[in-house]
Amino acid sequence: VAAVEQGRIIYSNIPKFVYYLLSCNVAEILVIFLGTLISKNSPLTAIQLLWLNLVTDGAPALALGTEKGDPDIMDRKPRPKDEPIVNRFMQLGILLQTLAITSVTLGAYFLGLRLHPEQPEFGEAMAFVTLSLSELVRAYTARSEFYPLHKIGIFSNRNMNLAALLSAVLIFAVIYIPFLNPIFNTMPLGWQQWEVLLPLLLVPSVVAELVKLVYQQMQKRR
């Protein structure tokens with residue numbers, strides 16, 4: 001019984017990992033594509049994309065592999081042998097997450113350009129921070145495909161807490177340490193920028209939690 005439970009937990013963590021990385025990476029592609037198409041300039045530089053993939057996405061994604069499993073992991077029916085990892089529910093979630101992350105990142109970019117038309121670096125910095133921090137917050141909601149965050153415990157995964165804290169510290173270092181600004185093409189952000197960014201970076205996580213809520217309501221009706 002313990003072996004079956006551990007096997008279910010391991011398998012359930014694989015879709016979480018895939019779900020999180022696919023939604024983040026597809027969103028990054030769309031941000032570059034649409035941003036370049038609309039403004040003729042990329043909202044993110046090459047080194048910022050490299051940072052996102054190696055630092056922002058990597059550590060939280062690995063931490064998802066250490067989740068203890070949902071409370072009802074042993075109450076579920078055996079999964080079909082031919083069920084793909086990226087099933088229909090995940091496809092819908094990836095689509096919604098991609099749209100949410102892309103929208104808030106491009107929104108932050110164009111708002112930055114509007115607030116500081118003479119300094120396009122502000123728009124790039126705002127897009128970078130919004131995308132980075134929204135993915136970090138999103139990692140917490142990705143800890144369960146079906147259960148809301150408050151039911152599994154916000155800080156119950158120690159590895160996730162360490163990964164998110166380390167990534168956040170490094171992101172703020174890139175923004176606020178002067179000699180790193182020219183390397184990563186960033187600028188220090190003030191309260192005026194943060195008032196715009198804070199609501200935006202929470203949107204993808206809110207969307208993820210709403211999808212879980214809809215799923216639970218559908219399960220109850222069934």
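Which helices each supply at least two residues of the lining of the largest pocket?

Modeller: Helix 1 (2-39), helix 4 (88-115) and helix 9 (191-221) each do so, where a helix is a DSSP run of H or I with at least four residues, numbered from the N terminus. This is a predicted model, in which local features need pLDDT of at least 70 and side-chain atom pairs count only at pLDDT 80 or more, while totals for chains, interfaces and linings use all residues. Residues are numbered from 1 along each chain as its sequence is written, and side-chain values use heavy atoms, leaving out hydrogens and water.

The search for space runs on a 1 Å grid over the protein atoms alone: a pocket is an open set of points with protein on both sides within 12 Å along at least five of seven lines, a cavity is a set where a 1.4 Å probe fits but cannot get out, and a lining residue has an atom within 4 Å of a point.

The largest pocket has a volume of about 1000 Å³, that is, the space filled by probe spheres set on its points, which are joined across faces, edges and corners. Its lining is made of 30 residues, and R76, K77, E83, F146 and Y215 are those nearest the centre. Helix 1 gives the largest share of this lining, namely six residues. Sorted by class, the lining of the largest pocket holds 12 nonpolar, five polar and 13 charged residues, with Ala, Val, Leu, Ile, Met, Phe, Trp, Tyr, Cys and Pro taken as nonpolar, Asp, Glu, Lys and Arg as charged, and the others, Gly among them, as polar.

The second largest pocket contains about 170 Å³ of space. It is lined by 13 residues, with E67, K68, R143, I152 and S156 closest to its centre, and its lining divides into two nonpolar, four polar and seven charged residues.

Around the largest cavity stand Y19, F89, R138, T141, A142, S144, E145, A208, V211 and K212, which by class are five nonpolar, two polar and three charged residues. Helix 5 (120-141) and helix 9 each supply at least two residues of that lining, and helix 9, with three residues, has the largest share.
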